[in-house]
Amino acid sequence: MGGYTNGDRGLAFAQAPRHRSAHGSRRAPPPLFRHRRPRRARRGGDRGRPPAGRDRVRHRTRFRPPLRAVDTAPCARRRARSRGRVQGCQGSQGSRGLCLGGAADGAALTTTLSLAQARRIALAAQGFGAARPPAPGTLHLRRTLDRLGLHQIDSVNVLSRAHYLPAFSRLGHYDRAALDEAAWGRRSKRRMFEYWAHEASLLPLDLHPLLRWRMAEADRGERGWSSLRVYAREKRGEVDAVLDRIRAEGPLAVSDFDDGKSRSGWWEWGDSKRKLEWLFWAGHITTTTRRGGFERVYDLTERVIPPAILALPTPDKAAAHRALVARAAAALGIATETDLRDYFRTGVADTRAAIAELVEEGVLLPVSVAGWRRPAWLHRDARHPRRVDARALLVPFDPLIWERDRTERLFGFHYRIEIYTPAEKRRYGYYVLPFLLGDRLVARVDLKADRQASVLRVLSTHPEPDAPAATQAALDEELATMAGWLGLERVSHG
């Protein structure tokens, strides 16, 4: 049976299919949504009925709290008896304009969202649903990392290292030294660790137990590039010798091996680099700090990761995948299976099994989005803002846009990074950042930080055909904010 829709103003909530308990008996379906309003003391003037008519609508929609789960079956039965059938959104509407649809017993409905609703849900989940703090500090930075679940690392430094920019996009002028301390500072101050998640990434420490299955597979030679897997078997003695040297001498970088002749570039791995990277994949060593030109310095994992994290129990692979998929869903707000797999690069079968269990538990709610060919899932704690007033430049490796198909589905914005494209074949430029204004991607700019001249150079600007008139003014303000954050004195166009 088709879903209820209510345009951009409301969501259509469906009765979930019946489930069976462990004993095989039928039980009630997972609850759906209702608003969790904070209980407040009534004042004398509050005892009457809410205002009527148009004032009542304003009264009911002024406060927009998060959703909580409730069973909508009784409401569905009443509407079914009174109407026999429902066309469009004819159910009652809650304080946020949500369509609480229902149907006769046994009829399964589909929760249907408009594309604009899905886009705003995704933006809110990614931290763009609120104004930037006036003076972002360590706590704001920590919350941003916890919300996103990771910051991707990339070696390109034409503007700024990629891992710094997602926090800037959400917080504005924060102190990059605070991120450095959280990632590579003293053990007592460390809040992140490096590992392969969505590519090379900085991750919150509480994710370490959830990725130990990946480390164990690498240790057995079941994961990692083929050029590295040989060290798990035939050349195990060679990597054991490297591990013994680090254990005896302390933290070492690839340049400390082979009389400094080993190549450490991302595409120029020598033998020593491959050995160190296999040990890193397998969890025997990790990054303790970064040196000079962003070179990794490795040490034993037990000397870097805080003891309290190492002491956490290791979940089995299935439980770890459930937790990772749930974390990805919370960070994305609404997502297809492909989106969920991509976030932490989990396998197809493992992700599907995790999704099924999370749906059973009520953590994920099956939905459809207008214009999407594949089913999607909504995280039960996802916010549903009516409006998003964001303004941000997005690094190519920002989790909002790193999955290019998702970016096109959500924003109608075709985006490809052209770093590896020959200059004469580039369409937009070398290091191009999309510009988010409101809830849309409205332009893209090719940027370069000229540190010697203390100038943020805007090499080219490309507004979208339907960009609003305020785009250039808003973009200029954001470029000035970025220049100040980078310590550059001015912005230059052309």
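Accessible areas were computed by the Shrake-Rupley method with a 1.4 Å probe, and for residues only the protein chains shown count as cover. On this basis, the accessible surface of the protein chain is about 23,300 Å², with 49% belonging to carbon and sulfur atoms. The model is predicted: local features need pLDDT of at least 70, side-chain atom pairs count only at pLDDT 80 or more, and totals for chains, interfaces and linings use all residues. Residues are numbered from 1 along each chain as its sequence is written, and side-chain values use heavy atoms, without hydrogens and water.

The protein chain has 16 helices and 21 strands. These are DSSP runs numbered from the N terminus (helices H or I, at least four residues; strands E, at least two). Of the 494 residues, 52% are buried (under 20% relative accessible area, 1.4 Å probe, protein chains only). Contacts are heavy atoms within 4.5 Å. Among contacts between residues at least 6 apart in sequence, 66% join residues at least 24 apart.

Strand 9 pairs with strand 10 (residues 199-204) over 6 bridges. Met192 has Pro204 of strand 10 as its bridge partner.

Helix 10 (residues 271-281) is mostly covered, with 9 of its 11 residues buried. Among them are Trp278, Phe280 and Trp281. Just after helix 10, Gly283 adopts a positive phi of about 85 degrees.

Key: Pairing = 2+ DSSP bridges. Buried < 20%, exposed > 50% of the residue type's maximum accessible area, 1.4 Å probe, protein only.
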